[in-house]
Amino acid sequence: MTEVYTTPKETMIRKELTDAETEIVAGGSPFEDCFGDIALYRAGVSFENVCFGSDRYYVGSKKIDKELARTLRSESTKLWNSKYASSADMVGYLREWKQVLASDYNIDWNGRLGTYEACVW
């Protein structure tokens with residue numbers, strides 16, 4: 001014999017879910033990890049945030065992986081903060097960052113800021 005325990009609807013306890021519980025129940029976001037911000041775009045990295053798929057990253061027309069995108073974001077932020085943020089010298093920053101990309105990462109960059117695009121596939 002199977003016993004079934006039920007709680008009358010009137011006596012059910014209701015509580016608001018935490019953000020973590022909501023994430024578990026809702027299954028999270030249809031987007032992959034998102035770290036796109038001004039630091040990423042200032043590094044020249046374009047970011048295609050793909051719904052239900054893998055995000056794509058580019059510097060100019062060269063496709064790069066997510067880890068390199070994170071590295072470039074971090075390195076360019078260090079350069080910006082150490083030399084150019086206080087004077088807001090974007091031209092000087094872009095010149096030096098272009099040289100860093102060419103010498104350290106073998107990336108020929110056109111000097112344009114990165115862009116963001118939301119994609120379904």
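Two strands are taken to pair if DSSP finds at least two bridges between them. In the predicted model, strand β1 (residues 45-50) meets this criterion with strand β2 (residues 56-59), to which 4 bridges join it in an antiparallel arrangement. Within this pairing, Ser-46 is placed opposite Tyr-58 of β2. The hairpin formed by β1 and β2 has 5 residues between the strands, and in this hairpin Phe-52 adopts a positive phi near 60°.

Strand β1 also pairs with strand β4 (residues 116-119), here in the parallel sense and over 4 bridges. In this second pairing, Asn-49 stands opposite Ala-118 of β4. Strand β1 is mostly covered, with 6 of its 6 residues buried. The side chains of the strand are divided between two directions: Val-45, Phe-47 and Asn-49 point one way, whereas Ser-46, Glu-48 and Val-50 point the other way, and all are buried.

Charged contacts were examined next. The structure holds 6 salt bridges, among them one between Arg-73 and Asp-37, in which the closest N and O atoms are 2.5 Å apart. This pair links distant parts of the chain, 36 residues apart: Arg-73 belongs to helix α3 (residues 66-84), while Asp-37 lies in the loop between α1 (19-26) and α2 (38-42). Both partners are partly exposed, Arg-73 at 27% relative accessibility and Asp-37 with a relative accessible area of 26%.

Arg-70 contacts Glu-67, with 3.9 Å between the closest N and O atoms. Because the two residues are 3 positions apart in helix α3, Arg-70 and Glu-67 are separated by about one helical turn.

Asp-108 forms a salt bridge with Lys-98, the closest N and O atoms being 3.8 Å apart. Asp-108 is located in the loop between α4 (90-105) and β4, and Lys-98 in helix α4, so this contact ties together parts that are 10 residues apart in sequence. Asp-108 is exposed, with a relative accessible area of 71%, whereas Lys-98 counts as partly exposed at 34% relative accessibility.

Notes. Residues numbered from 1 in each chain as written. Predicted model: local features only at pLDDT ≥ 70, side-chain atom pairs only at ≥ 80, totals over all residues. Heavy atoms only, no water. Buried < 20%, exposed > 50% of the residue type's maximum accessible area, 1.4 Å probe, protein only. Salt bridge = Lys/Arg side-chain N within 4 Å of Asp/Glu carboxyl O.
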